[in-house]
Amino acid sequence: MQDIRRTMVARLMADPAPYLGKTVDVKGWVRSRRGNKYVQFVALNDGSSVKSLQIVFDLAKFSDDDLRLVTTGASIHVQGTLVESQGKGQSVEIQAEELQVYGTADPDTYPLQKKGHSLEFLREKAHLRPRTNFFSAVLRVRHALAFAVHKFFNDKGFYYFHTPLITASDCEGAGAQFQVTTLPLNDLPTDKEGKIDYSKDFFGKMASLTVSGQLEGELGATALGCIYTFGPTFRAENSNTPRHLSEFWMIEPEMAFYEIQDNMDLAEEFIKYCINYALEHCKDDIEFLAEHFDKELPERLKFVVENDFVRLPYTEGIRILEESGKKFEFPVYWGVDLASEHERYLVEEHFRKPVILTDYPKEIKAFYMKLNEDGKTVRAMDVLFPKIGEIIGGSQREEDFEKLQGRINEMGLEGMEWYLDTRRFGSVPHSGFGLGFERLVLFVTGMQNIRDVIPFPRYPKNCEY
């Protein structure tokens, strides 16, 4: 083959004019093949676009034996002339001149044939499903959103702060953590009381995978001003809902000198920025997902970015739900932790706008949230979206040493002296929030199950690949 630099399919499809009439070099995987005794048409996709590029093989130039291995799933290298297409479905195509087959795929055993596959089936083939148009579109959107997260915070002067994945603290106080140990599980050492002797463990104490980087993020904020974390977190909850994973990614900004209003403003600006970025940079993928999966997706994304978010106190939200006359599956009363059906009613039916719910009862929120003057509620904020419910959770943090210490004692948390030091030495008002990255990807792609927006999902009884 000639020494020609490879061109990505996305570039040829987006702006073919500079390449028309010229020899181009493409490489990718065969999506499908069809034709007759005179000509064969191959759809080639290299992962750069949801669109495939049609390769035309003239059988006067290529024999049946030349094309024998060009089957669905095979990887090939083609050089040929880019021309305007005479057929329907594509604007340009390549008239093939040279062919090299890199890897074959037995058509009798290759699982991803041209026919449609259920999401459940593809979940069982998670090592191959990124090759489908559907999941490659989701993964390109995921990439764009991840890039948007870093760009947004970098451009606002935040610092990317790496928090530990192995920790001896439990941010939420829920205890649903994966334990990390090197102790022999078939012969655990015990102390005089018969309890496991963690002094003999690798870290000399009980350690777990993190459920959140927030507490360590607060340390960064009280030194650098504004930071954000973006990394994997782990929850050992036995939950099999379409909204939960055991391993997922969290974005957690923490800001010194931010109070609750500043926190809400930032959360709204941030999530609108990410969605706008995806709308601008993933147009083809979002259109594909809308056409084949969720026709309301583009309008729902515009619904979020074109509306100001409603700021609503929890107490007022409860009153609206109680007076709605709607029969909810779960009861509504002051002090209840709202279910998704309650949150979606406020967003989709009552206000018809995204809602930021504030000032929750302290009993249903975490120990680190700042207590309001009424002594009953805390300066919490949850951002509620259509179809999703809560997508962001955050608060102004309690900066008062004695109040925070009291809450820690109430909940029986141990090993928090390092965290209390941020209140002992130079304490400041500060705030932050957490966004589950997969929930954002779920919303932007219109997918129904969170297991379908992460390459290799982890959930109870599943740890494949």
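Which residues are linked in a network of salt bridges? In this predicted model, the network comprises Asp265, Glu268, Lys272, Asp308 and Arg311. Aspartate 65 and arginine 68 form one of them, with their closest N and O atoms 3.4 Å apart; both residues are exposed. In contrast, the salt bridge between the side chains of aspartate 294 and arginine 300, with an N to O distance of 2.3 Å, involves two buried residues. A further salt bridge joins lysine 370 to glutamate 399, the closest N and O atoms being 3.3 Å apart. Lysine 370 is located in the loop between β13 (355–361) and β14 (377–385), and glutamate 399 in the loop between β15 (389–397) and α11 (401–411), so this pair ties together parts that are 29 residues apart in sequence. Lysine 370 counts as buried because its relative accessibility is 11%, under the 20% cut-off. Glutamate 399, with a relative accessible area of 19%, is buried as well.

Strand β10 (residues 226–234) is mostly covered, with 9 of its 9 residues buried. This strand pairs with β6 (residues 159–160) in the parallel sense over 2 bridges, and tyrosine 159 stands opposite isoleucine 227 of β10. The pairing of β10 with β11 (residues 247–256) is antiparallel and extends over 9 bridges; here glycine 231 stands opposite methionine 250 of β11.

An open sheet of 3 strands is arranged in the order β7-β9-β8, with antiparallel pairing. Its edge strands, β7 (166–167) and β8 (179–180), each pair on one side only. Strand β7 is joined to β9 (residues 207–209) by 2 bridges, and threonine 167 stands opposite serine 208 in β9. A nonpolar surface patch is formed by Leu165, Ile166, Phe202 and Phe203, which together have about 410 Å² of accessible area. Of these residues, phenylalanine 202 lies in the loop between β8 and β9 and counts as exposed because its relative accessibility is 61%.

The second largest pocket contains about 1,100 Å³ of space. It is lined by 37 residues, of which Arg31, Val50, Ser52, Asn133 and Phe288 are the closest to its centre. Both strands and helices contribute to the lining: β1 (23–35), β2 (39–45), β3 (53–58), α3 (119–124), α4 (133–155) and α7 (283–292) each supply at least two residues.

Definitions and conventions: Residues numbered from 1 in each chain as written. Predicted model: local features only at pLDDT ≥ 70, side-chain atom pairs only at ≥ 80, totals over all residues. Heavy atoms only, no water. Pairing = 2+ DSSP bridges. Helix = DSSP H or I, 4+ residues; strand = E, 2+ residues; numbered from the N terminus. Patch = residues over 30% accessible without salt bridge, like charges linked within 9 Å, V, L, I, M, F, W, Y side chains within 5 Å. Areas by Shrake-Rupley, 256 points an atom, 1.4 Å probe, with all protein chains shown as cover. Salt bridge = Lys/Arg side-chain N within 4 Å of Asp/Glu carboxyl O. Buried < 20%, exposed > 50% of the residue type's maximum accessible area, 1.4 Å probe, protein only. 1 Å grid on protein atoms, 1.4 Å probe; cavity = no way out; pocket = protein on both sides within 12 Å on 5 of 7 lines; lining within 4 Å. Points joined across faces, edges and corners; volume = space filled by probe spheres on them.
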